[in-house]
Amino acid sequence: QVQVVESGGGLVQAGGSLRLSCAASGSDGSHNAMGWYRQFPGKKRELVARISSGGTTDYADSAQGRFTISREANKNTMYLQMNGLKPDDTAVYYCVLGSGAYYYNLDFGSWGQGTQVTVSS
């Protein structure tokens with residue numbers, strides 16, 4: 001059974017940085033797409049950034065230029081470096097390991113429990 005665990009969330013002041021980590025176990029997901037999503041209270045989960053098995057990346061407009069997604073080669077480990085954080089970035093951040101190599105595989109992936117990111121003004 002695949003297990004996905006996020007870490008690195010916390011409280012930070014506006015303008016600060018955080019680095020989220022995601023580790024997946026129970027499956028050789030090194031050839032699978034991975035992604036970061038976030039959820040605001042009362043809202044649907046939304047994409048932050050995603051990375052294909054080949055390393056191609058894609059960002060939401062809100063993350064472009066401030067966040068960087070990366071993964072360790074041949075490992076089920078992924079990161080999200082978040083710089084220039086704003087209070088509007090306050091949310092629960094989720095990691096997903098896709099069921100295959102491509103972005104659409106994230107829709108059928110395995111999700112972590114989420115990590116809270118809180119940005120104070």
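A salt bridge here is a side-chain nitrogen of Lys or Arg within 4 Å of a carboxyl oxygen of Asp or Glu. Keep that cut-off at hand for the opening stops. The model is predicted.

**Stop 1: salt bridges**

Select Arg 50 and Asp 58. Their side chains form a salt bridge, with N to O at 2.8 Å. Check the surface around each partner. Arg 50 is partly exposed, at 22% relative accessibility. Asp 58 is also partly exposed, with a relative accessible area of 25%.

How many salt bridges does the rule give? The count is 4.

Next, select Arg 38 and Glu 46. Here the N to O distance is 3.1 Å, and the side chains meet in a salt bridge. Arg 38 counts as buried, because its relative accessibility is 5%. Glu 46 stands at 29% and counts as partly exposed.

Asp 89 lies in the loop between β8 (77–82) and β9 (91–97), while Arg 66 lies in the loop between β6 (57–59) and β7 (67–71), so the pair ties together parts 23 residues apart in sequence. Are these two residues buried or exposed? Both Asp 89 and Arg 66 are buried.

Keep Arg 38, Glu 46, Arg 66 and Asp 89 on screen together. Salt bridges with shared partners join these four residues into one network.

**Stop 2: the four-stranded sheet**

Switch to a cartoon view. Look for an open sheet of 4 strands, in the order β1-β3-β8-β7, with antiparallel pairing. Which strands are at the edges? They are β1 (3–7) and β7, each pairing on one side only. Neighbouring strands in this sheet are turned against each other by 15 degrees on average, direction ignored.

Zoom in on β3, residues 18–25. On one side, β3 pairs with β8 in the antiparallel sense over 6 bridges. Select Ala 23, which stands opposite Thr 77 in β8. Then select Ser 21, whose bridge partner in β8 is Tyr 79.

Turn to β1. This strand runs antiparallel to β3, joined by 5 bridges. Pick Glu 6 and find Cys 22, its bridge partner in β3.

Move on to the loop between β7 and β8, where Lys 75 has its place. Lys 75 is partly exposed, with a relative accessible area of 44%.

**Stop 3: aromatic pairs**

The rule gives 2 aromatic pairs. Select Tyr 37 and Trp 111. Their rings are edge-to-face, 5.0 Å centre to centre, with 70 degrees between the planes. This pair links distant parts of the chain: Tyr 37 is in strand β4 (residues 34–39) and Trp 111 in strand β10 (residues 110–111), 74 residues apart. Tyr 37 counts as buried at 12% relative accessibility, whereas Trp 111 is partly exposed at 32%.

Now select Tyr 102 and Tyr 104. Why does this pair count as stacked? The planes are at 15 degrees and the ring centres 6.2 Å apart, so the pair is stacked. Tyr 102 counts as exposed, at 54% relative accessibility. Tyr 104 is exposed too, at 53%.

**Stop 4: charges over rings**

Arg 19 lies over the face of Tyr 79, at 3.9 Å from the ring centre.

Finish with Arg 45 and Tyr 94. The charged end of Arg 45 sits over the Tyr 94 ring, 3.9 Å from its centre.

Key. Residues numbered from 1 in each chain as written. Predicted model: local features only at pLDDT ≥ 70, side-chain atom pairs only at ≥ 80, totals over all residues. Heavy atoms only, no water. Buried < 20%, exposed > 50% of the residue type's maximum accessible area, 1.4 Å probe, protein only. Helix = DSSP H or I, 4+ residues; strand = E, 2+ residues; numbered from the N terminus. Pairing = 2+ DSSP bridges. Axes fitted to C-alpha atoms, helices over the stretch in contact; angles between N-to-C directions. Phe/Tyr/Trp six-rings, centres within 6.5 Å; stacked < 30°, edge-to-face > 60°. Lys NZ or Arg CZ within 6 Å of the ring centre and 35° of its normal.
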